[in-house]
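Thank you all for coming.

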Amino acid sequence: MDPRYDIPRRAAGGGGGGSANSSPALGAQSRRRKMPPRPADFKLQIIIIGSRGVGKTSLMERFTDDTFCEACKSTVGVDFKIKTVELRGKKIRLQIWDTAGQERFNSITSAYYRGAKGIVLVYDITKQETFEDLPKWMKMIDKYASEEAELLLVGNKLDCETDRIISRQQGERFASRISGMRFCEASAKDNFNVDEIFLKLVDDILSKVRLNVPLRSTLQNQITLHTSACLPVLFFF
Ligand SMILES: Nc1nc2c(ncn2[C@@H]2O[C@H](COP(=O)(O)OP(=O)(O)OP(=O)(O)O)[C@@H](O)[C@H]2O)c(=O)[nH]1
């Protein structure tokens, strides 16, 4: 067995003694395997913010790994995951920053706002205080984020409809008062609207940048990390 290719050696030599180059079959195989993955066309950062326990980590992990944790540990400082998506025929590498909801980490998390091209602000539809905290998060955005950043308000835990405290209309009304802010409800647990949140945000970022300056000069070379997966595009907005 050739340890490099996991291919039985006899496939290379046609009965023994032949070199790898003498077999068209292995030649094609090895060429295929050596092909480096197509590099991302664009790279951009998205930050997820919101009060403690609203489901920021859960939304990120559902999107990047399609997993859900019933009893996650609270995030300390910041964490991130990478996911590569295909959109408008382009390969886009997303670096998603998951921030701690606890106020004591604000001095750490605020440092990550500046580089974000998209901001996902999350509240829990079953917890009044997480909705009341939204103006506080908007102040953080005004203070630390780029004015160009795309904003998306997410009411999470839609699967808990019977415990709902914040109506959809309240969420929509809050978002409508902020210029350019989109709104949706989602469930990390049920995997409802999760891909759509991130893909729509990326699509909005791409549209906006395209109107102003060439994408490559603004979005490329911000980060260089490994690739994980590709997704189809499904919009609900
Ligand atoms: N029912 C339900 N529970 C959820 C959902 N999303 C998250 N949770 C639960 O809510 C709790 C908090 O989720 P996290 O993802 O850790 O919340 P967070 O916003 O990252 O919390 P911090 O890191 O403390 O800021 C966990 O027990 C999750 O299982 C959801 O869509 N539905």
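Predicted model: local features only at pLDDT ≥ 70, side-chain atom pairs only at ≥ 80, totals over all residues.

How do the residues of the shell around the ligand divide into nonpolar, polar and charged? There are seven nonpolar, nine polar and six charged, where Ala, Val, Leu, Ile, Met, Phe, Trp, Tyr, Cys and Pro count as nonpolar, Asp, Glu, Lys and Arg as charged, and the others, Gly among them, as polar. Residues are numbered from 1 along each chain as its sequence is written.

The ligand is surrounded by 22 residues, the closest being Gly55, Ser58, Ser74, Thr75 and Gly101; a residue is near a molecule if its C-beta atom, placed from the backbone, lies within 6 Å of it. Helix α3, residues 56–65, supplies the largest share of that shell, namely three residues; helices here are DSSP runs of H or I with at least four residues, strands are runs of E with at least two, and both are numbered from the N terminus. Eight of the 10 residues of α3 are buried, so this helix is largely enclosed by the rest of the structure, buried meaning that 20 or more other C-beta atoms lie within 10 Å of a residue's own, again placed from the backbone. Among those buried residues are Lys56, Glu61 and Arg62, and just after α3 aspartate 66 takes a positive phi of about 55°.

Let me turn to the sheet. Six strands form an open, mixed sheet in the order β2-β3-β1-β4-β5-β6, two strands being paired if DSSP finds at least two bridges between them. The edges are β2 (78–87) and β6 (182–185), each with a single partner strand, so one side of each is left without a neighbour in the sheet. Strands β1 (residues 42–50) and β4 (residues 118–124) run parallel and are joined by five bridges, and one of the bridge partners across them is glycine 118 in β4, which pairs with isoleucine 46.

Finally, threonine 109 lies in helix α4, residues 106–109, and is buried, with 22 other C-beta atoms within 10 Å.

Methods. Buried ≥ 20, exposed ≤ 12 C-beta atoms within 10 Å, placed from the backbone.
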